[in-house]
Amino acid sequence: MNITKIFYAAWAVLFALFAYWQFNDPDPEVWVSTYVVAIIFCLLGFRGIFPKIPLTVLVVACLVGAIYFWPESVSDWIVQELEQKNLSMKTPQMEEARETFGLMIIALVMLPGLIKAWKE
């Protein structure tokens with residue numbers, strides 16, 4: 001199995017876990033759906049299929065969403081997370097910061113496939 005298959009298989013599993021953890025979120029339908037889309041593109045990547053336009057839309061949408069939700073202070077958010085010592089949501093700002101980084105992760109994971117799609 002080559003590195004690309006391992007990469008996308010691992011991320012498909014991780015995104016499935018991320019989706020599962022979103023079921024107790026205030027808006028699970030948005031975030032579970034987002035991670036399911038990421039899983040689908042990971043499974044396509046596993047098979048070596050990189051649809052240029054849909055991948056472009058996904059990466060751009062995730063980056064725009066991440067910029068929209070970007071926390072005022074990343075360091076304050078990290079300190080808050082470390083102080084509470086669990087993953088429960090204490091403030092809406094914490095939830096938005098987590099969502100920001102979830103979108104960033106999706107965009108970064110899809111970026112190699114997007115680059116490959118645009119090179120072909």
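Helices (H or I, at least four residues) and strands (E, at least two) are DSSP runs, numbered from the N terminus. The model is predicted: local features need pLDDT of at least 70, side-chain atom pairs count only at pLDDT 80 or more, and totals for chains, interfaces and linings use all residues. Residues are numbered from 1 along each chain as its sequence is written, and side-chain values use heavy atoms, with hydrogens and water left out.

**View 1. Trp-21 and Tyr-8 in helix H1.** Trp-21 lies in helix H1, which covers residues 3-21. Tyr-8 is found in helix H1 too.

**View 2. The surroundings of Tyr-8.** Tyr-8 counts as buried because its relative accessibility is 3% (buried means under 20% relative accessible area, exposed over 50%, partly exposed in between, with a 1.4 Å probe and protein chains only). Leaving aside neighbours within four places in sequence, the residues in contact with Tyr-8 include Cys-42, Phe-46 and Met-110; contact means heavy atoms within 4.5 Å. Although Tyr-8 and Leu-44 are 36 residues apart along the chain, their C-alpha atoms are separated by 8.5 Å.

**View 3. Aromatic pairs.** The structure holds 8 aromatic pairs. Rings of Phe, Tyr and Trp (its six-membered ring) pair if their centres lie within 6.5 Å; planes under 30 degrees apart count as stacked, over 60 as edge-to-face and the rest as tilted. The rings of Phe-7 and Tyr-8 are edge-to-face because their planes stand at 85°, with centres 4.9 Å apart. Phe-7 is partly exposed, at a relative accessible area of 30%. Tyr-20 and Phe-23 also form an edge-to-face pair, at 6.5 Å centre to centre and 70° between the planes. Both Tyr-20 and Phe-23 are exposed.
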